[in-house]
Amino acid sequence: MVGFVDTALAAQNAVVAAESLEFGTVFVGSIRNHPLAVADELGLPDHAVATFGPAIGRPDPTEPAGIKPLLPQAAVLQHETYDAESADSHVEAYDEVLSGYNRRYGLEGDWSTRVLARLAHAESLHGRERLRAQLDARGLPSW
């Protein structure tokens, strides 16, 4: 767990530094769909896996792109105790905003529908349903 947190903090700082130099960035989490292949490609030692990767580059000004709207801060930031009702109260409006964004870029559905589809059954995890076994194969057992 400590390794995951340290990696995320280091990546966040790398992104801040890259963006200060006017590079565009995005975190690519889909590499978790194929952890063994990614580990082989990167030449990682046993007991190591890639959890995500920051893609860094200069955006193509001719490519139509936008910044994907995020859940409102009030939906994800809590103080002292977690308030599910308050967090959930923002979902309907966010679904509407993200649905409009998705339509502009040729995608269907709102946030809730897309999240539920990704969790519908094991195959909708696109390889992540095998993650536990693949981590075991890399020498990262869980108890």
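A pocket, as used here, is an open set of points on a 1 Å grid over the protein atoms alone, where a 1.4 Å probe fits and protein lies on both sides within 12 Å along at least five of seven lines, and its lining residues have an atom within 4 Å of a point. Grid points are joined across faces, edges and corners, and a volume is the space filled by probe spheres set on the points.

This is a predicted model, in which local features need pLDDT of at least 70 and side-chain atom pairs count only at pLDDT 80 or more, while totals for chains, interfaces and linings use all residues. Residues are numbered from 1 along each chain as its sequence is written, and side-chain values use heavy atoms, with hydrogens and water left out.

Begin with the largest pocket, which holds about 830 Å³ of space. Select Val 26, Phe 27, Lys 68, Arg 114 and Arg 118, which of its 26 lining residues are the closest to its centre. Next, colour strand S1 (24–28), H5 and helix H6 (111–118), each of which supplies at least two residues of this lining; helices (H or I, at least four residues) and strands (E, at least two) are DSSP runs, numbered from the N terminus.

Now move to the second largest pocket, with about 240 Å³ of space. Of the 13 residues that line this pocket, select Met 1, Phe 4, Val 49, Leu 135 and Leu 140, the closest to its centre. Helix H1 (2–20) and H7 are the elements that give two or more residues to this lining, and H1 gives the most, with three.
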